[in-house]
Every structure is written in C-alpha cells, then in structure tokens.
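The structure is shown first.

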Amino acid sequence: MMQTVGFLLNPVAGMGGAVGLAGTDGRVAEAIRRGAVPHAHGRAVQALSLLRGDEIAWYTSAAPMGEDVLLDAGIDRFTVVYRPDRPTSGADTKAACRAFLDAGADLVVFCGGDGTARDVLDAVGREVPVLGIPAGVKMYSAVFAVNPAAAADLIRQAGRIGCRDSEVMDIDEEAYRSGLLSARLYGYLCVPYIPERTQGGKQVFEQPDEERAKDDIAAFIAEVMLPETLYIIGAGSTTARIMERLGLAPTLLGVDAVRNGEVVARNADEQTLLALLDEYPQAKIVASPIGAQGFVLGRGNQQIGPSVLRKAGLRNLIVVATPGKLAATPLLYVDTGDAALDREFGDTLSVVSGYRMAQRKRLLHQE
C-alpha cells in the first residue's frame, strides 16, 4: 500500500536565529530588518529531495507552505489540498493539517520549530504520526529528526517502524529573549522513532554536583585562555559560568565575544561575529550541548553558523559539558545546515568536563 504524506512548511521558521533574536514568533519583521533570510525552505528541500524516487502520495499546501518545496526537491506528483493566506500564519498551519487528515494522509511532516509543532498538535492531536524537519531556532520539543537526512529516512520507514509519544514544548519567547528559559509541556505527538535519528527533548541539569562541575570547567577554561585571542562564547549555563568566572555578565541564551578579559560584543549575531573575526583572526569558539539532546551546533546558537566556523577554524572549537549532562547524552550532534562542513568534524569530539578533564564522545552528523 502506497504511503500517503501531508507536508507543510513554515516559511519563516528559524529566521531569528542567525540575527540573534532567539526565536522568530512575532518577530519576523524585526528579523528581516536585521538582515535575516529564510532558510526553512532549503532545509525542507534537502530532506525531501532524498525521497524523489520513493512511492509516496504527497498532499501539501500551496506555495509558500509546501508546493514550492516539493517542486524544488524534484517531486512533481502531489495534490494541493490547502491554499494559505498571505502572509501565512499559525492558522494556516492548523488548517493545512486538517486538510491533510481529510485527504487521508497517514503521516504529517512539517518543517519548522517549536511554534509550528504546537500548531500541528492543535490540529492533528494523536490521529496520525507526525515528524518535524528541524528548521527553528531552539527546537526543545522531541518531535524532530536530528537533521534533514535523518528526516528523509524516518519518512521512508514510517509505515514499518514504531512510534513513541514525544513532547511538544511551549517556550515563552519573550522570557527567552530576556535570558530566562520558561518552558512547559504543551502536549504529546506520536512520532516515528529510530534511535540516533529522532532527537530527544530538552533537559535541565541543576544538581549540586553539576554546579560544582560547571565551576571546575569555568576555572580551567579561564586558566587556559590566550591573550590577544577572540573567544566566542555560546549559549548555555555552563558557558555562562565561564563568563562569570571572568567577572563578566553573560548572555545566558545568546552569544558573547570576549578578548583580553573584556566583552567586545554582547548577544552578537552572525554578521557581528564575522566582522570581529576579520578584526581578530586569532579566535576560539566555546560551545556546550543543549540539555540531553546533544546538539553542540545547530540548536539555539545559529549565530555560530558555517561562515563563522570556517573563518575561526574547526580546530578552534572548544566543547564543554558537565559529567552529568554527558552521562545523559550518549551521542553528540552537529547540524549547522552545511552537511559538508558537518562531516569535517569527524566521528568524535573531545569535551571538557572538569578541571583539566575531558571525555571523548561519539559524534553523528548527516551522511
């Protein structure tokens, strides 16, 4: 029996990431003003182009919420079952999903972030399995494939593999932009599941031992910092502790830049980081995996994009994480949006996990 899939795209998902907005909900105009460009379309094409030869009956929304993605992916046999308003909104996402159900889709695939996942849940509930192609800024929900290639594999096998109940998280984006992570469980979707291809949910580690480990990591990194070197400090509580060790106020959920013990850019966007690297070519990047999801790059720190990584040099990436976080993170991931760059990281990463201590962790990326 031929698989039937409903596909939709949130065309503005993730636009706020590289320009330092920590999310795009309600901030599309500001993201555009800062120079953001859409990237969800490319992420979706990357996934669906791997399925162009598969026997799948596609249902979709008219452009810009799906039809143009399928055509650019080389898939020209599909049925448009919904036509969105312009500009598109969450109401269009919900209406398109209901149209997929009415058409008889047995899997709903969306490309977006946490906000799109909430809209899909409102429309679909648990009637059919759902899978997200990751394209948002944070993606703390557990309904996404780890990258576009993994999404293609999960779609292909969806009728033959099991599903699991996966969390959809509701993130307060205004609080998030102020440096506070306020998250609640919004609900569950049934998601096709293959280990190492479906991401986990965000977890927060705050045990006393973890706090001591953050202090030890911060002490070590501060000790080995080189003079006249630009340090790009990524988001997270572990990296924030490094800033505090230096006597500097961190941007908990943003990216700061430090040189010779002073902040040279706070909550920097991608273009600011690139300009700093032109001025200070000797540089290091310090990043930490997100919760137990294991993403070192590509979730919540899109400011540190492929251009920044290439200019700084992959050998200058320093990854930090506490032992407790690493114990709950069997694998690490990078999903920069540049599959060739992701492969250059190799199969393992060394992670600083204490004072003069490191662990080597297995790394997965797009094949």
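Of the 367 residues of this predicted model, 59% count as buried. The secondary structure consists of 13 helices and 16 strands. Among contacts with a separation of 6 or more, 67% are between residues 24 or more positions apart.

**Strand S15 and its partners**

Strand S15 covers residues 348–354, and five of its seven residues are buried, which leaves the strand mostly covered. S15 pairs with two strands described here, S13 and S16. The pairings are set out below.

| Strand paired with S15 | Residues | Sense | Bridges | Example of facing residues |
|---|---|---|---|---|
| S13 | 317–320 | parallel | two | Val320 with Val352 |
| S16 | 357–364 | antiparallel | six | Arg360 with Ser350 |

S15 and S16 also form a hairpin, with two residues between the strands. In the turn, Arg356 has a positive phi of about 55 degrees.

**Val124 in helix H5**

Helix H5 spans residues 114–124, and Val124 belongs to it. Is Val124 buried or exposed? Its relative accessible area is 2%, under the 20% cut-off, so Val124 counts as buried. Beyond its neighbours within four places in sequence, Val124 is in contact with Cys97, Leu101, Val108 and Val130. Phe100 lies 24 residues from Val124 along the chain, and the C-alpha atoms of these two residues are separated by 9.3 Å.

**The cavity**

Rolling a probe the size of a water molecule over the atoms shows where empty space is left. In this model the count comes to one cavity of 30 Å³ or more. The volume of the largest cavity is about 40 Å³.

Which residues line the largest cavity? The lining is made up of Ile233, Gly234, Gly236, Thr239, Ala240, Met243, Pro250, Thr251, Leu252, Gly254 and Asp256. By residue type, the lining divides into five nonpolar, five polar and one charged. Helix H9, residues 237–245, gives the most to this lining, with three residues.

Conventions. Residues are numbered from 1 along each chain as its sequence is written. This is a predicted model: local features need pLDDT of at least 70, side-chain atom pairs count only at pLDDT 80 or more; totals for chains, interfaces and linings use all residues. Side-chain values use heavy atoms; hydrogens and water are left out. On a 1 Å grid over the protein atoms alone, a cavity is a set of points where a 1.4 Å probe fits but cannot get out, and a pocket is an open set with protein on both sides within 12 Å along at least five of seven lines; lining residues have an atom within 4 Å of a point. Grid points are joined across faces, edges and corners, and a volume is the space filled by probe spheres set on the points. Helices (H or I, at least four residues) and strands (E, at least two) are DSSP runs, numbered from the N terminus. Ala, Val, Leu, Ile, Met, Phe, Trp, Tyr, Cys and Pro count as nonpolar, Asp, Glu, Lys and Arg as charged, and the others, Gly among them, as polar. Buried means under 20% relative accessible area, exposed over 50%, partly exposed in between (1.4 Å probe, protein chains only). Contact means heavy atoms within 4.5 Å. Two strands pair if DSSP finds at least two bridges between them.
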